[in-house]
Amino acid sequence: MPNPEQLPAALNAAAAQPLLDLLKERLADNEPIILDGSAVLQLGQACLQVLLGARAAAGSREIAFTINNPSEALSTMANMAGCGELLVAGEA
Amino acid sequence: MDLDAIQQMFFQESEEGLQALESCFALCREGADDAETINTIFRAVHSIKGGAGAFGHEHLQDFAHHYEGVLDQLRSGTLTMTSALLDVLLAAFDILTDHVAAARGERSTPDDTAVLAALASVGGALETAPAAEPAASVAATVPAAPADDFDALLGLLEPSPAASTPPDDFDALLSLLDPAAKPDAAPHWQIKVRPSGDAFANGGEPLLLLRELTRMGATNIALDGPGLPPIEELDVQRSYLGWSLEMPAEISKADIEAVFEFVDGWQLEIRHDGAPEPAETAPETVEVQAAPSHPSPAVSAPASASAPAGSKPAAAPAPGGDGVALGAAASATIRVELDKLDRLVNLVGELVITQAMLAQRLTEHGLGGSSELTSLENLTRELQESAMSIRAQPMKTVFNRVPRIIRELEADTGKRVRLQLDGEMTEVDKTVVERIGEPLTHLIRNAVDHGIEGPEERLAAGKSEDGMLRVGAEQRSGRIVITVADDGRGIDRARVRAKAVERGIVAPDAMLSDEEIDNLIFAPGFSTAEKVSNISGRGVGMDVVRRNVQALGGRIGVSSRFGSGASFTLSLPLTLAVLDGMIVKVGEQTFVVPLGNIVESLRAQPGQLSHLADDAAILDVRGMQLPVLQIGALLGIPAQSDPDNTVMIVVETDAGQAVIMVDSIEDQRQVVVKSLEANYRAIPGVSGATILGDGRVALILDVEGVLTRARRRQAIAA
């Protein structure tokens, strides 16, 4: 099991491209994607889309996708955006 | 339109909202706190709250939210307007104004703790604000629920107290009339929203709007629509998501639409989940347009008409619904960028100059009297006046700030002031409106701080406890005259004179008229305040006021009666872009003397002119000995100096009358003012330039500046 990747505090528009690159890399390696959401203070739609896209891709490739320790801000914003399933571990 | 521009639009509308609030509170102070006034106050605060949420100004949004809660209780009748409540609402209004300024980056976030506590105290628990309540708890306080759409409809038909009937009653009534309706089914708004593909451009964040809807009570939020492309094709710059959600029926459609007021190109479908439906809440799909109509429901109601020409096609309408475009309402006003307006005014100015040149050329060829030329001249002037009138703004925009200044001064000084504002709708050029605020504020502060006495002193003097301050504006002879008058102690001339002597401003044995003594308060560094306060009394104010007014081409005067009060009068041009002037010649040069300064012109008779030195002379005008300013000598231009070949122009200045000596008068006409500062550099004694009909450039004399220049020259010579 790889170490969880720490999500940055600000998952804003600027963070979307680096996050996308990281997750694409993990998907290309067929590695389980384990993210730590404890530090997240802000979630914007651009990063939300990246996380949702990665989760869907992981599911279709039968790779685990998990966000551990979601912060309150991350939970609140994800639930508010109707994406609460994002925080539920998606196992292969 | 980028996000910044849209945010600017929000700030402009907030400013208008704050002005509307000030006007409404003025009515409340007079006891006219009827349902419509309270509704207007509520909507203005609600609109500011909505925009603040959309742009992430959380402090502003949060404060407006609590403010709105108390206002909602007031309009629903849960609270009754009292003077104590009005004081709290006014204090909250001031803090709201500060929050808006903070959101604009003009100041730091205000400390709103005390006012929030006061709002909580008058309105019960802070959590009672309606718009953020979830559906269940809002339903429990139905009488306090917002009723914008229905209110607006009734308001349009007949403004009456009935306008405050909540929509629930209306819906309930319709349910009773329609047996098919389920009596227990509380209808909801079914909303589908899909941000435009470029919704992230310029820092846009759709989730902020979703959060605002959540605060208003949105439930059952779910992702909706085609969703995301495969991750390999995902572009982080594009928005792919869409949502469906429900809003409580108590929230008006206009309030929901107001959340999306500042976004462009989003698909928004608002459907009422209940049958039957009132016509104004019929299912509909809207494509949010840039440059939206005013958020007022009364304006947005006709939006169900048709899309504006050239607009993007509306998204596919819901079954049974009509496709409409928000912003399609026929509006009586449009917003225009100031730059575009200034370009138009500038071009019209050029047209006026070209027309004058053409007229001169035709006159030289004997065609000056042609009817076509006369028509062109009339049309040009009409066009110019129309263009200038677009820039005109009512003084109300300045006067609206006065009540707050008075409130602050009352709090600082312990004095009580009754304010009377007159002539708020007097229109004047935007630049004048923008630049008159500072001197006017100083005059008002000065009147309250120095003029109006404290309650005890007033009672002892046989006056009412409350001081009276009148701020008025009116148009007089093509100028705007602003008056700031108080019924305070007036100018103590003996003290003013003593202070002026002490500071070396006048000689101890100087013979001064009452008017001259009064005018000493405008002298640089003059102050009669016993102690320096934080309101005025630094001794720089009145001098700066005078200079600011003069910079606007205006004059300031004061009249006073000791013990009864003082009245300051500012006379300003209505516009700074054109000027009525007298065209004069000095040597080979042509100058324009502003007509506003000119009292009369005359030829000096033998014995009327007394030479004191080479370039110093006195003209006897019906017994008044007036200093003569020889423009040629002052500006270093070879010119006539003997009385037979010169014309004397008597001018009015802040320091009294004086005489300008010129070679001849050529004409009197309106000229287009070109800034010397912008095109060259500032020159003392010259306020600008203009282009004459024959193409020559003529300098416009600044009479006050010329006088100062002459005095400085005489002082140096002495």
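A residue is called buried here if 20 or more other C-beta atoms lie within 10 Å of its own. By that count helix H2 of chain A is mostly covered, with 13 of its 16 residues buried.

**Confidence**

- Chain B has a mean pLDDT of 77, and 79% of its residues reach 70 or more.
- Residues 275-329 of chain B have pLDDT below 50, although this stretch has 121 contacts in the model beyond near neighbours in sequence.
- Where pLDDT is low, the predicted coordinates should not be read in detail.

**Chain A**

- Chain A contains three helices and five strands, and from the N terminus its elements follow the order β-β-α-β-β-α-β-α.
- Of its 92 residues, 41% count as buried.
- For contacts in chain A between residues at least 6 apart in sequence, 84% join residues at least 24 apart.
- H2(A) spans 22 Å between its first and last C-alpha, close to the 22 Å expected for its 16 residues at 1.5 Å a residue.
- After H2(A) comes A:Glu62, which sits in the loop between H2 and strand S5 (65-68) of chain A.
- The phi of A:Glu62 is positive, near 60 degrees, in a residue other than glycine.
- A:Glu62 counts as exposed because 9 other C-beta atoms lie within 10 Å, and the cut-off for exposed is 12 or fewer.

**Nonpolar cores**

- The largest nonpolar core has 93 residues, and those with the most contacts inside it come from both chains: A:Cys47, A:Val50, A:Ala54, B:Val45, B:Tyr67, B:Leu96 and B:Met247.
- H2 of chain A (residues 45-60) gives the most to this core, with nine residues.
- Chain B supplies at least three residues to this core from each of domain 1 (3-129) and domain 2 (188-302).
- Apart from this core lies another, of 79 residues, which includes B:Phe399, B:Val471, B:Met582 and B:Leu619.
- B:Val45 is in contact with B:Ala64, B:Tyr67, B:Glu68, B:Leu71 and B:Leu96, leaving aside neighbours within four places in sequence.

**Chain B: overall and helix H4**

- Chain B has 23 helices and 24 strands, and 39% of its 718 residues count as buried.
- For contacts in chain B between residues at least 6 apart in sequence, 68% join residues at least 24 apart.
- Helix H4 of chain B (residues 83-103) has 21 residues and reaches 30 Å from first C-alpha to last, close to the 30 Å expected at 1.5 Å a residue.
- Buried residues in H4(B) include B:Leu89, B:Ala92, B:Phe93, B:Leu96, B:His99, B:Val100 and B:Ala103.
- An α-helix has 3.6 residues a turn, so residues three or four places apart point the same way.
- H4(B) is followed by B:Gly105, which has a positive phi near 80 degrees.

- B:Gln384 lies in helix H13 (residues 371-391) of chain B.
- B:Gln384 counts as buried because it has 21 C-beta neighbours inside 10 Å, against a cut-off of 20 or more.
- Not counting residues up to four places away in sequence, B:Gln384 touches B:Val348, B:Val352 and B:Val578.
- B:Gln384 and B:Val348 are 36 residues apart along the chain, and their C-alpha atoms are separated by 5.9 Å.
- B:Arg622 lies in the loop between strand S18 (617-621) and strand S19 (624-630) of chain B.
- B:Arg622 is not a glycine, yet its phi is positive, at about 45 degrees.
- B:Arg622 is exposed, with 5 other C-beta atoms within 10 Å.

Key
Residues numbered from 1 in each chain as written. Chains lettered and ligands numbered in written order. Predicted model: local features only at pLDDT ≥ 70, side-chain atom pairs only at ≥ 80, totals over all residues. Core = buried A, V, L, I, M, F, W, Y, C linked by C-beta atoms within 7 Å. Helix = DSSP H or I, 4+ residues; strand = E, 2+ residues; numbered from the N terminus. Domains from an automatic or database assignment. Contact = placed C-beta atoms within 7 Å. Expected span 1.5 Å × (residues − 1). pLDDT = per-residue confidence, 0-100.
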